[in-house]
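Hi everyone, thanks for making time for this one. Let me put the model up on the screen, and then we can walk through it together.

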Amino acid sequence: MLESEVKRELIEKFGRHQEDTGSPEVQIAILTKRIEALTEHFKKHKKDFNSRRGFLKLIGRRRKLLRYLQQTDPEKYLKIINELNLRK
């Protein structure tokens, strides 16, 4: 799990207001940080297959949120893709 300080920084950077945790931009940013942390975990623990299932679910959730954001607001989609350095 992410530390509360990291989450707070992501909410301030991507949120629409100070306590925004539900907007797609914030959710995508938090999921991206969790995915990055799990990627580092899997570099050390190659046989951790149980955690890999949850990892793949996180990737799927982020993909769905990105698709939703692309359909509803393409400008914000491009902005968040560039700021998080996601390939698309």
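A quick word on confidence first: pLDDT is the predictor's confidence in each residue, on a scale from 0 to 100. Helices and strands here are DSSP runs, with H or I over at least four residues for helices and E over at least two for strands, numbered from the N terminus. What you see is a predicted model, where local features need pLDDT of at least 70 and side-chain atom pairs count only at pLDDT 80 or more, while totals for chains, interfaces and linings use all residues. Residues are numbered from 1 along each chain as its sequence is written, and side-chain values use heavy atoms, leaving out hydrogens and water.

The mean pLDDT of the protein is 93, with 98% of its residues at 70 or more. The protein has four helices and zero strands, and its C-alpha trace spans about 40 × 30 × 20 Å along the principal axes.

Now, how do H1 and H2 meet? The axes of H1 (residues 4-14) and H2 (residues 24-44) come within 9 Å and cross at roughly 145° (axes are lines fitted to C-alpha atoms over the stretch in contact, with angles from 0 to 180 degrees between N-to-C directions). Contact here means heavy atoms within 4.5 Å. On the H1 side it involves Lys7, Leu10, Ile11 and Phe14, and on the H2 side Glu25, Val26, Ala29, Ile30 and Lys33. Those residues divide into six nonpolar, no polar and three charged.

Phe14 and Glu25 turn up again in the lining of the second largest pocket, alongside residues including Arg16, Lys76 and Glu83. A pocket is an open set of points on a 1 Å grid where a 1.4 Å probe fits, with protein on both sides within 12 Å along at least five of seven lines; lining residues have an atom within 4 Å of a point. H4 (74-84) and H1 each supply at least two lining residues, and H4 gives the largest share, four.

Methods: Nonpolar A, V, L, I, M, F, W, Y, C, P; charged D, E, K, R; others polar.
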